[in-house]
Amino acid sequence: MSAHFDGWPNILEAQQFTRKWMELEFFPLALEMKKLVLRGILEILRGKVMGTLFYESSTRTRFSFETAMLKQGGNVVSTENAREFSSTVKGETIEDTIRTLCQYYLDVIVIRHYEDGAAARAAAVSSVPIVNAGDGKGQHPTQALLDVLTIMIELGHIDDIKIAMVGDLINGRTVRSLSYLLAKFSGVKIYFVAPECAQMRPDIKDYLVKHAVEFEELTDLRDVAGQVDVIYQTRSQKERGTSFDRNDRSIGFFDINKTILNLMKQDAIIMHPLPRVDEISTEVDADPRAAYFRQAGNGLYTRMALLKMILAPNF
Amino acid sequence: MSAHFDGWPNILEAQQFTRKWMELEFFPLALEMKKLVLRGILEILRGKVMGTLFYESSTRTRFSFETAMLKQGGNVVSTENAREFSSTVKGETIEDTIRTLCQYYLDVIVIRHYEDGAAARAAAVSSVPIVNAGDGKGQHPTQALLDVLTIMIELGHIDDIKIAMVGDLINGRTVRSLSYLLAKFSGVKIYFVAPECAQMRPDIKDYLVKHAVEFEELTDLRDVAGQVDVIYQTRSQKERGTSFDRNDRSIGFFDINKTILNLMKQDAIIMHPLPRVDEISTEVDADPRAAYFRQAGNGLYTRMALLKMILAPNF
Amino acid sequence: MSAHFDGWPNILEAQQFTRKWMELEFFPLALEMKKLVLRGILEILRGKVMGTLFYESSTRTRFSFETAMLKQGGNVVSTENAREFSSTVKGETIEDTIRTLCQYYLDVIVIRHYEDGAAARAAAVSSVPIVNAGDGKGQHPTQALLDVLTIMIELGHIDDIKIAMVGDLINGRTVRSLSYLLAKFSGVKIYFVAPECAQMRPDIKDYLVKHAVEFEELTDLRDVAGQVDVIYQTRSQKERGTSFDRNDRSIGFFDINKTILNLMKQDAIIMHPLPRVDEISTEVDADPRAAYFRQAGNGLYTRMALLKMILAPNF
């Protein structure tokens with residue numbers, strides 16, 4: 001008996017996932033995948049073919065999805081550069097591209113796109129499940145899932161956590177999707193730490209108000225580093241128009257370094273969706289609270305679990 | 001007992017295919033593939049590796065070939081950008097590239113190239129079968145096969161059809177290859193509908209005359225839309241130098257819209273090799289006579305059948 | 001009982017390989033692979049996933065590694081353009097990229113990079129084996145292995161050979177790695193044939209002196225063509241800054257053509273790492289002494305053997 005969410009099996013935005021689905025279906029299966037992958041060969045998805053259609057390159061996310069497929073015995077057709085080389089250049093709409101790929105008996109299509117809402121447009125015409133692997137400044141729902149899975153694995157609970165989201169919040173996709181997901185849990189307190197010019201957009205803040213999630217906006221990470229259970233650091237999204245200088249102390253303090261480590265609680269964790277540039281200094285990497293590479297690993301289990309649920313629900 | 005054609009198992013140009021081979025081998029196997037792919041796992045090509053060598057990008061065609069391989073249990077090494085990134089930049093000839101790939105025990109090589117005749121040059125030095133997936137303004141023989149398969153599936157026969165080929169005929173590869181194939185059947189009548197500056201090239205017209213295929217050239221689709229069984233629409237090949245303006249009514253009428261739908265016979269079909277830009281308006285998509293997405297699906301069965309015939313003839 | 005070398009199972013530089021390992025492990029397994037691949041399906045690497053991370057494109061090398069994996073039943077996640085499209089553009093270090101990929105349970109990572117030493121930097125932080133598929137002007141150790149395998153297969157021995165290395169020696173990666181390997185054998189004599197401006201770098205010459213390998217520098221291939229067992233021709237590495245004109249007879253003679261063929265011993269061979277431009281004229285190709293395409297094939301067996309040793313040592 002499944003507790004699936006609205007829109008299933010399309011995975012388009014973090015709002016879709018219900019708390020019940022996460023707790024009864026997703027967390028247990030992702031944890032099982034973590035065990036299974038160690039044992040080696042899975043044949044769950046033998047004969048299934050995933051299409052990865054990346055209009056915007058992301059080797060990390062693409063490898064994560066593709067490995068999740070291959071490690072379960074499935075296979076992949078892949079393009080890492082759909083924008084420049086596909087029929088898009090010739091003027092084809094994403095709707096036509098999807099209608100065509102559906103004819104090829106692909107079992108699932110994973111899309112990364114540079115425009116907000118592209119995945120939803122794809123799903124509207126698709127006869128096979130669509131997974132949004134990031135669309136413009138919109139969403140990146142599987143990143144949000146791996147983020148909550150990480151909090152669950154590292155801290156043992158999501159209810160009642162205090163989390164600081166730090167950096168280029170106005171352009172960051174991951175902090176948006178994560179905010180939606182955290183609103184499904186209770187007692188969560190969010191600190192948005194960003195310069196005033198890059199604070200979280202109003203739509204998310206409205207959503208949090210509506211769902212009675214406490215949040216606070218500030219400009220200096222040092223003010224909350226000692227209180228939070230999670231620091232979720234983000235990169236300056238220069239490709240999406242970041243204009244502030246992270247090193248300009250007059251607009252705030254957003255870096256994670258030894259200073260922050262010294263302020264942090266002993267059982268707190270540092271997360272980051274990666275790639276990391278210099279917003280977390282490498283001196284932090286060896287600290288056991290640095291969870292960002294383990295977090296990346298949870299991305300594999302997350303995508304393995306999702307693909308298994310979508311493609312072999314009764315296996 | 002095989003009715004294979006000259007040059008087998010290389011697939012280089014539509015002229016190769018005999019009517020006997022299409023009727024006794026290709027159509028039956030392609031239809032069988034259509035059934036088999038629904039049942040899921042095929043293991044026919046287990047252990048076989050296809051190389052896809054695309055010097056000119058075509059996500060659609062590449063995905064179609066690769067899915068055809070994977071759905072039969074085979075595997076793929078792939079480059080979607082051979083022109084820019086391979087040793088071509090360093091000055092290697094295609095002959096040397098092919099001689100090298102032959103040493104890697106690839107079981108079949110699928111080539112898409114920007115120069116006419118590249119596939120034939122490759123086949124001349126290759127010890128493994130070469131499949132032409134489009135070369136310059138030359139040919140695209142597997143597209144021609146999926147086109148006649150579509151006509152066979154949709155109309156039940158190819159003999160005696162009336163077909164309008166519409167648009168940028170001077171640059172279109174698909175209409176050239178399809179003309180060669182239709183000449184294998186009897187009673188076919190072709191209407192070439194294009195502005196005078198983009199009419200079908202003389203070599204094809206000479207071929208049709210020689211094979212006693214009736215054809216006519218005109219500039220207004222409305223004049224024949226009511227008489228034909230198939231309208232084969234094509235895209236303006238801007239990347240190959242199309243210079244006419246499709247919307248300039250003084251040179252003719254080449255669009256498919258409600259006007260054309262209203263003129264067409266009830267059992268006629270509309271085909272298009274895709275991608276479609278605006279030469280078929282989206283209002284046409286919902287009409288049952290719009291066969292272009294089903295046509296794309298036939299590409300999968302076509303390539304599955306060809307790969308099976310080439311790689312596992314006695315399975 | 002294994003005779004593996006220092007650093008195993010990372011494959012970073014030709015110096016690592018011991019003569020004992022080559023003779024007891026590598027040559028026998030590579031020759032076995034040559035036989036096995038003919039028989040078809042291998043399942044040795046079923047369930048294993050290789051990541052190919054190419055920051056610099058090389059379709060030839062990538063296809064060779066990927067085919068070596070697929071032909072043994074393994075699978076591949078691949079990027080042919082990591083430099084332009086991955087998170088490198090966003091400023092990620094190779095160390096972070098590798099730490100992330102390790103979290104994805106990739107079983108081995110094959111790296112090609114534009115910077116000297118990149119593979120070693122990757123290995124320093126990796127929890128999975130790293131194979132160097134060429135880094136900058138540094139090394140290309142699997143090329144060196146396939147080169148000595150070729151000499152072993154073609155001539156039956158490596159001790160006591162006379163070899164001319166010809167062309168752009170200052171920029172050539174392959175001749176550097178091969179020199180390191182030949183120093184493991186005895187009685188080898190090397191002739192470096194290059195214009196003065198492109199002669200072998202001092203580090204290699206120092207290494208040869210230290211290991212008592214005889215070598216000589218000259219500028220005209222005709223002077224030694226009749227004495228050597230192997231002519232190892234190389235391409236002008238224009239992308240790495242070659243500045244001399246191969247056709248300028250005032251600086252020397254470096255081409256292989258009929259003149260050179262006529263001078264060569266009957267049982268000598270011509271090798272080339274490919275791609276070949278015009279430094280070996282095509283009139284040479286039909287001569288049985290032209291071993292360069294067979295040499296490329298040995299690349300497949302070399303990589304099959306290495307991947308088997310790394311991923312399934314006890315199979």
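Residues are numbered from 1 along each chain as its sequence is written, and chains are lettered from A and ligands numbered from 1 in the order in which they are written. In this predicted model local features need pLDDT of at least 70, side-chain atom pairs count only at pLDDT 80 or more, totals for chains, interfaces and linings use all residues, and side-chain values use heavy atoms, with hydrogens and water left out.

Trainee: How many residues of H2(A) are buried?
Mentor: Helix H2 of chain A covers residues 59-70; helices are DSSP runs of H or I, at least four residues, and strands are runs of E, at least two, numbered from the N terminus. Buried means under 20% relative accessible area, exposed over 50%, partly exposed in between, with a 1.4 Å probe and protein chains only. Among the buried residues are Arg60(A), Phe63(A) and Glu66(A). The count for H2(A) is 12 of its 12 residues.

Trainee: Is Arg112(A) buried or exposed?
Mentor: Arg112(A) sits in strand S3 (residues 108-113) of chain A. Its relative accessible area is 4%, so Arg112(A) is buried.

Trainee: Which residue's backbone oxygen lies 3.0 Å from a polar atom of the Arg112(A) side chain?
Mentor: Contact means heavy atoms within 4.5 Å. Beyond four places in sequence, the contacts of Arg112(A) include Glu56(A), Gly134(A) and Arg173(A). The backbone oxygen at 3.0 Å belongs to Ala133(A).

Trainee: Which residue meets Arg99(C) in a salt bridge?
Mentor: A salt bridge is a side-chain nitrogen of Lys or Arg within 4 Å of a carboxyl oxygen of Asp or Glu. Chain C and chain A have four salt bridges between them. In one of them, at 3.8 Å from N to O, the partner of Arg99(C) is Asp285(A).

Trainee: What area do chain C and chain A bury between them?
Mentor: The contact takes 27 residues from chain C and 34 residues from chain A. Buried area is the accessible area (1.4 Å probe) that two parts lose on being put together, summed over both. Carbon and sulfur atoms carry 57% of it, and the total is about 2,700 Å².

Trainee: Which residue of chain B forms a salt bridge with Arg60(C)?
Mentor: Here 33 residues of chain C are in contact with 27 residues of chain B. Arg60(C), Phe63(C) and Phe293(C) lose the most area to chain B, together 22% of what that side buries. Four salt bridges cross this interface. With the closest N and O atoms 2.2 Å apart, the partner of Arg60(C) is Glu92(B).

Trainee: Which element gives the most to the side of chain C that touches chain B?
Mentor: Helix H1 (19-39), helix H2 (59-70) and H10 of chain C each supply at least two residues of that side. With eight residues, the one that gives the most is H2(C).

Trainee: How far apart in space are Gln295(C) and Ile151(C)?
Mentor: Gln295(C) lies in helix H10 (residues 292-311) of chain C. At 1% relative accessible area, Gln295(C) is buried. Leaving aside neighbours within four places, its contacts include Asp147(C), Tyr232(C) and His272(C). Ile151(C) is 144 residues away in sequence, and the C-alpha to C-alpha distance is 8.9 Å.

Trainee: What is the relative accessibility of Ile256(B)?
Mentor: Ile256(B) is in the loop between strand S8 (230-233) and helix H9 (258-263) of chain B. Not counting residues up to four places away, Ile256(B) touches Leu221(B), Ile270(B) and Val284(B), among others. Ile256(B) counts as buried, because its relative accessibility is 1%.

How values were computed:
The expected span of a helix is 1.5 Å times one less than its number of residues. A polar contact is a pair of N or O atoms within 3.5 Å; within protein, one must be able to donate a hydrogen and the other to accept it, and residues adjacent in sequence count only if both atoms are side-chain atoms.
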